[in-house]
Amino acid sequence: MSEAVVKTNRLSKEFVRDEFHVMALDEVDVEIHRGDFLALMGPSGSGKSTLLHLIAAMDKPTDGQIEVLGANLRQLSDKQIAHWRNEHIGFIFQSFNLIPVLTALENVELPLKLTKLGKKDRLAHAETALKLVGLGDRLDHLPKQLSGGQEQRVAIARAIVTDPDLILADEPTGNLDAASAEDVLTMLTRLNREFGKTIILVTHDPHAAKFATTVRHLEKGQLLPVGALPADWSSAIAVRN
Amino acid sequence: MFRYFSLAFKNSLRNRRRSILTISSIAVSLCLLGVLIAMYHALFFSQETPGQALRLVVRHKVSLAQPLPVAYEDKVRRLPGVREISVWNWFGGTYKDNRDTKNFFARMGVEPKPFLRIRTQMEMPEDQRRAFITDRTGCVVSRDLAEKLNFHLGDRITLQGDIYPVNLDLKVVGIFYDPDALDTLFFNYDYLRDALPLGRRNFISVLAVLADSPDDVPRIAQAVDAMTRESSYPTKTESEQQFALSFVSFIGNIKLFLLSICAAVTFTILLVSGNTMAMSVRERIKEVGVLKTLGFNNDTILGIIIGEAITIALIGGIIGLLLASFLTIGVGKAAAAFMPQLNGLSITPITIVIALGVAILIGIVSSFVPAWNAARTNILDSLRYTG
């Protein structure tokens, strides 16, 4: 078995909103290996996005351990985390989140500005990434001049331009029509199969999850065992049968 | 930090209308600031001309309105270091219609011979110099005044007295250029003196003194004032530049006045651009979250946002200084008649440095708090921000 790029041990996250305490993640143990394409499924509030944010070091756990790519994220300073994220993580949002005043090429170049690459190299890398997602002819287009599917492809190019070890996608097809969603998922599959990228896809769409090699379900902050389905899914399937 | 300049620049022009309005308000304010700084610099820090460096003015210690005895002329002449001395009498009076500001110019009674030696930088043809010395009713006018009022050699000018109860009928015998005497008419003091009642003939306004060298100037000033200290007519002797500045002080504490306006202008722009930056940053909190997700740290984000504000302020500052460079020409021409220091007023390199420094400061101060808050906002809170 290949090395574990994500390893959690009794990972917990509790949110406090006013006087209410919500256990978003409850002692989650998970191992994700290099080259995996994992789909994290679950209903809203099940904790799948929270787990993704903890893996990307965008949030801090309340309890437990998390090791991503060999780094104990709880021991890194904010500055070190920012640098680490730039180097190792590619993040794809549901709502694309491109910078509206920058062209497609400039949006993709953005993460490379934090590297030591010169402008010429940065633009060359960004152009390659955009060609890879099939947008070689849209380099100078602003986000508002692109369709939703094209915007998401620019976002994918931005996520892969630094050649990260881990690509995290948070409901990347949530805002797309069926055809564009299919394109995006095919692209992620290609990144996983052809380029060996480890991908964690958060989705509540069973069709999207089918593109992944492994599917894990979260329910009320707890990760269900491999192959297990949430209670309401099991009963729905039983009724259908 | 320069690799983020394009991002900062594009962000600064994101909302075109708001950016243009902010840039315009900064430009107008910095134009005003530029003119005021140029005036302040010209009034209080300008270099003396070579002629001014050698000249002193002796006046009554109490005020210019108090006369000095004409006998002081001989006493001062005997002091070591004094090369030349001349009576210098402010006539006042009216030329044509006093309500027309064009007709306001300085009218001075002088002793032509010593006066021409004292005005070391005066440019005037030799025959006109001779005519001024020999023609008792002759007067000489500065070139700019001649152009303004269309004076030509041989023209007759009538000045109606107010301080002095006499009218002077003068003839233009010379047109000169002197960087230290613009919008000015000089006439023969003897002509005025002879027209005065006997009791007033022994008194004059001030004495103009030419020193042998710049080093003699403070020594002469001390000697003259020491000599007259115990008399009924104590004097105040100062360099010509200081004397000219004392006219400015008639308006009030001009230094405080200029500095107060500068401070008020700066504070106002600070509020305007602070408000703009707060709005601009608030609209982009979510993007700050995106940048952080890409790996930008707090310091870099802080720098980018402050860079945006500096970009806007600098664009405004540069436009403002361009406007100011035109405005100073007009202000200098209009004010030179009563403030000769403002003649040739222009935006100097030091004014540019100060004004652009203020622009940068405005950019930093106005954006620091919103930038700091945005940079410190938790990454997930930023991404969830909906405005």
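Analyst: **A close look at chain B**

Chain B has a radius of gyration of 29 Å, whereas a compact globule of 387 residues would have one near 21 Å (taken over C-alpha atoms, the globule rule being 2.2 Å times the number of residues to the power 0.38). This is a predicted model, in which local features need pLDDT of at least 70 and side-chain atom pairs count only at pLDDT 80 or more, while totals for chains, interfaces and linings use all residues. Residues are numbered from 1 along each chain as its sequence is written, with chains lettered from A and ligands numbered from 1 in the order in which they are written.

Along its principal axes, the C-alpha trace of chain B spans about 95 × 45 × 35 Å, and the chain holds 15 helices and 12 strands (DSSP runs of H or I, at least four residues, and of E, at least two, numbered from the N terminus). Of the 387 residues in chain B, 40% are buried (20 or more other C-beta atoms, placed from the backbone, within 10 Å of the residue's own; exposed is 12 or fewer, partly exposed in between).

Within this chain, helix H1 of chain B, residues 5-12, has as its buried residues Leu7(B), Ala8(B), Asn11(B) and Ser12(B). Seen down the axis of H1(B), these buried residues fall within an arc of 130°, so they line one face of the helix (the arc is that of directions from the helix axis to the C-beta atoms). Among the elements that cover the buried residues of H1(B) are helix H2 (16-44) and helix H13 (298-335) of chain B (contact means C-beta atoms, placed from the backbone, within 7 Å).

Conventions: Contact = placed C-beta atoms within 7 Å.
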